[in-house]
Amino acid sequence: MDVRHRLAANVKRLRKERGWSQEALADEAGLDRTYVSGIERVVRNPTVTVVERVAVALQCQMGDLLD
């Protein structure tokens, strides 16, 4: 599995573990809901800065999203 697919799966898993919608995660990370959807569907190629914002919102390490 490539890094974008791992990122997508981990973001979705962690978001659902918290009981958050894509919109809730987007609000916490300061992103648009459609951008979060794009990450989870592997149609976006987020920058390191965006991955960091998602990690902070999910209260995890960036590595947790990429492993």
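**How the helices pack**

Q22, E23, L25 and A26 in helix α2 meet R33, V36, S37 and E40 in helix α3, where contact means heavy atoms within 4.5 Å. By class, this contact of α2 with α3 has 3 nonpolar, 2 polar and 3 charged residues; Ala, Val, Leu, Ile, Met, Phe, Trp, Tyr, Cys and Pro count as nonpolar, Asp, Glu, Lys and Arg as charged, and the others, Gly among them, as polar. The model is predicted: local features need pLDDT of at least 70, and side-chain atom pairs count only at pLDDT 80 or more, whereas totals for chains, interfaces and linings use all residues. Residues are numbered from 1 along each chain as its sequence is written, and side-chain values use heavy atoms, with hydrogens and water left out. Helices are DSSP runs (H or I, at least four residues), numbered from the N terminus.

Two packed helices are described by the angle between their axes and the distance between the axes. Helix α2 spans residues 22-29 and helix α3 residues 33-40; their axes come within 8 Å and cross at roughly 110°. Axes are lines fitted to C-alpha atoms, for helices over the stretch in contact, and angles run from 0 to 180 degrees between N-to-C directions. The helices α2 and α3 are therefore roughly perpendicular to each other (65 to 115 degrees; angles under 35 count as roughly parallel, over 145 as roughly antiparallel, and the rest as oblique).

How enclosed is α3 by the rest of the structure? Because 6 of its 8 residues are buried, α3 is largely enclosed; buried means under 20% relative accessible area (1.4 Å probe, protein chains only). The buried residues are Y35, V36, S37, G38, I39 and E40, and they pack against α1 (3-17), α2 and α4 (48-58).

E40 counts as buried, at 13% relative accessibility. Its side chain makes a polar contact of 2.6 Å with the side chain of R15 and one of 2.9 Å with that of Q22. A polar contact is a pair of N or O atoms within 3.5 Å; within protein, one must be able to donate a hydrogen and the other to accept it, and residues adjacent in sequence count only if both atoms are side-chain atoms.

The second pair is α1 and α4, which pack at an angle of about 25° with their axes 11 Å apart. These two helices are therefore roughly parallel to each other. L7, V11, L14 and R15 in α1 meet V51, V54 and L58 in α4.

Note on methods
Buried means under 20% relative accessible area, exposed over 50%, partly exposed in between (1.4 Å probe, protein chains only).
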